[in-house]
Amino acid sequence: FAAQAVLGSAKMVLETVLHPGELKDMVCSPGGTTIEGVKALERNGMRAAGMEALEACVEKSRLL
């Protein structure tokens with residue numbers, strides 16, 4: 001389930017010209033299950049962790 005959710009999200013970002021935030025707003029119903037999951041991810045630092053992971057990859061690639 002998690003893999004399919006990530007795959008679907010990635011495809012939407014790659015296949016549209018919309019900002020990921022716009023896509024999130026399109027698929028999240030107020031008070032629905034998806035927005036509750038997004039809130040839990042935000043509460044637990046998912047955005048910051050993703051950004052730090054990408055920054056670490058970029059920095060490592062510069063050192064190679």
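**Salt bridges, surface and pocket**

Tutor: In a salt bridge (a side-chain nitrogen of Lys or Arg within 4 Å of a carboxyl oxygen of Asp or Glu), the side chains of Glu59 and Arg62 meet at 3.9 Å, N to O. This is a predicted model, in which local features need pLDDT of at least 70 and side-chain atom pairs count only at pLDDT 80 or more, while totals for chains, interfaces and linings use all residues. Residues are numbered from 1 along each chain as its sequence is written, and side-chain values use heavy atoms, with hydrogens and water left out.

Student: In which helix do Glu59 and Arg62 both lie?

Tutor: Helices are DSSP runs of H or I with at least four residues, numbered from the N terminus. Glu59 and Arg62 are three residues apart, about one turn of the helix, and both belong to helix 4.

Student: Does Arg62 count as buried or exposed?

Tutor: Buried means under 20% relative accessible area, exposed over 50%, and partly exposed in between, with a 1.4 Å probe and protein chains only. Because its relative accessible area is 62%, Arg62 is exposed.

Student: What separates Lys39 and Glu36 along helix 3?

Tutor: The side chains of Lys39 and Glu36 form a salt bridge at 3.1 Å, N to O. Since they are three residues apart in helix 3, the separation is about one helical turn.

Student: Which residue forms a salt bridge with Asp25?

Tutor: Asp25 has 52% relative accessibility and therefore counts as exposed. Its closest N and O atoms in the salt bridge are 3.0 Å apart, and the partner is Lys24.

Student: What is the accessible area of the nonpolar patch formed by Met12, Met26 and Val27?

Tutor: Patches are made of residues with over 30% relative accessible area and no salt bridge, like charges being joined within 9 Å and nonpolar side chains (Val, Leu, Ile, Met, Phe, Trp, Tyr) within 5 Å. Accessible areas come from the Shrake-Rupley method with a 1.4 Å probe, and for residues only the protein chains shown count as cover. Together, Met12, Met26 and Val27 have an accessible area of about 270 Å².

Student: Which helix gives the largest share of the lining of the largest pocket?

Tutor: On a 1 Å grid over the protein atoms alone, a pocket is an open set of points with protein on both sides within 12 Å along at least five of seven lines, and lining residues have an atom within 4 Å of a point. The largest pocket is lined by 26 residues. The largest share, eight residues, comes from helix 1.

Technical notes:
On a 1 Å grid over the protein atoms alone, a cavity is a set of points where a 1.4 Å probe fits but cannot get out, and a pocket is an open set with protein on both sides within 12 Å along at least five of seven lines; lining residues have an atom within 4 Å of a point. Helices (H or I, at least four residues) and strands (E, at least two) are DSSP runs, numbered from the N terminus.
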